[in-house]
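The structure comes first, and the points follow by topic.

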Amino acid sequence: MDTQNRNTDDECDSGANLRASSYYVLRASHRCAQCGASTPVFALAVPPDHESTEGDLELDEDGDCTGLDPGAFHQWLFSPAQWQRIEGPALLSQVGILSAPVMRTLHALAPTVRQNPERNGQWTNFCAHCGTAVWEGALYPTPGQPFCPKDDAAAAQIGVQAVEEPLAAFTAMCWTDGYRNKWPLFKRLGVACSKTD
Ligand SMILES: [Zn+2]
């Protein structure tokens with residue numbers, strides 16, 4: 001893969017709300033609710049010191065928008081991006097836009113992930129056996145799910161591929177280290193979370 005495209009994906013950056021100098025492709029196993037077979041599932045994560053735009057949408061634990069008022073949303077949507085550095089890692093969810101190099105990498109590493117036209121093009125896992133879309137609610141939010149390991153032993157089951165290339169994405173939600181139940185996952189990425197509260 002050539003290295004000349006680092007600065008040529010500005011058109012993608014314009015729609016992005018998250019960017020990082022490197023990222024992770026995570027791989028786990030999931031039993032398809034439709035056909036019952038075990039299928040690989042994938043997720044994207046970014047390391048500490050990634051960047052995000054201000055005006056994060058507030059989402060509840062189920063990933064539903066809790067209702068930013070329309071005026072504030074409009075202002076956020078059309079204001080110039082204000083990038084801020086985020087000290088912790090993040091697990092990306094409800095990804096709508098990916099920069100072209102990331103799309104190519106994902107195509108190679110995660111062949112069962114593609115854009116879902118029934119979800120406004122959201123990047124989605126599909127069952128390798130029956131082709132049914134796998135709902136993110138079955139993968140991310142609840143301890144014991146594929147990308148919410150309960151402990152180190154469960155986290156060790158997750159495959160981690162570090163990709164040393166920049167990522168730009170638009171995500172409707174990020175699971176940050178503010179979610180304590182993601183700490184075993186982030187520890188798997190080599191990030192110790194130990195906030196005192
Ligand atoms: Zn299936």
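**Zinc site and burial of its donors**

Cys32 has a relative accessible area of 6% and is therefore buried. The model is a predicted one, and Cys32 is one of the residues that coordinate its zinc ion.

- The angles among the four donor atoms run from 106 to 115 degrees, and the site of the zinc ion is tetrahedral.
- Along the sequence, the spacing of the donor residues is C-x2-C-x91-C-x2-C.
- Whereas Cys32 is buried at 6%, Cys35 is partly exposed, with a relative accessibility of 39%.

- Eight strands form an open sheet in the order 5-4-1-11-6-3-2-10, and the pairing is antiparallel.
- Strand 5 (83-86) and strand 10 (159-163) are the edge strands, each pairing on one side only.
- From one strand to the next, the twist averages 45 degrees.
- Within this sheet order, strands 4 and 1 are adjacent; strand 1 (residues 18-20) and strand 4 (residues 50-53) run antiparallel and are joined by two bridges.
- Arg19 is placed opposite Glu51 of strand 4.
- In general, the strands of a sheet pair through backbone hydrogen bonds, in a parallel or antiparallel sense.

- Strand 7 (residues 113-116) pairs with strand 8 (residues 122-126) in the antiparallel sense, over four bridges.
- Gln115 has Trp123 in strand 8 as its bridge partner.
- Five residues lie between the two strands of this hairpin, in which Asn120 takes a positive phi.

**Charges over rings**

- Arg19, the residue opposite Glu51, also lies over the face of Trp83, at 3.9 Å from the ring centre.
- Arg114 has its charged end over the ring of Phe126, 3.8 Å from the centre of that ring.

**Aromatic pairs**

- The structure contains two aromatic pairs.
- Tyr140 and Phe147 have ring centres 5.7 Å apart and planes at 65 degrees, so this pair is edge-to-face.
- Both Tyr140 and Phe147 are buried.
- Trp175 and Tyr179 have ring centres 4.8 Å apart and planes at 65 degrees, so this pair is edge-to-face as well.
- Trp175 is buried because its relative accessible area is 2%, and Tyr179 is buried at 18%.
- The cut-off matters for Tyr179: buried means under 20% relative accessible area, so its value of 18% places Tyr179 in that class.

- Most residues other than glycine have a negative phi.
- Gln94 is not a glycine, yet its phi is positive, near 55 degrees.
- Gln94 is located in strand 6 (residues 90-98) and is partly exposed, with a relative accessible area of 21%.
- Asn120, also not a glycine, has a positive phi of about 55 degrees.
- The position of Asn120 is in the loop between strand 7 and strand 8, where its relative accessibility of 81% makes Asn120 exposed.

Note on methods. Residues numbered from 1 in each chain as written. Predicted model: local features only at pLDDT ≥ 70, side-chain atom pairs only at ≥ 80, totals over all residues. Heavy atoms only, no water. Pairing = 2+ DSSP bridges. Donors = N, O, S within 2.8 Å, 3.2 Å for Na, K, Ca; no water. Tetrahedral: all angles 85-135°; square planar, octahedral: opposite > 155°, others 65-115°. Buried < 20%, exposed > 50% of the residue type's maximum accessible area, 1.4 Å probe, protein only. Phe/Tyr/Trp six-rings, centres within 6.5 Å; stacked < 30°, edge-to-face > 60°. Lys NZ or Arg CZ within 6 Å of the ring centre and 35° of its normal. Axes fitted to C-alpha atoms, helices over the stretch in contact; angles between N-to-C directions.
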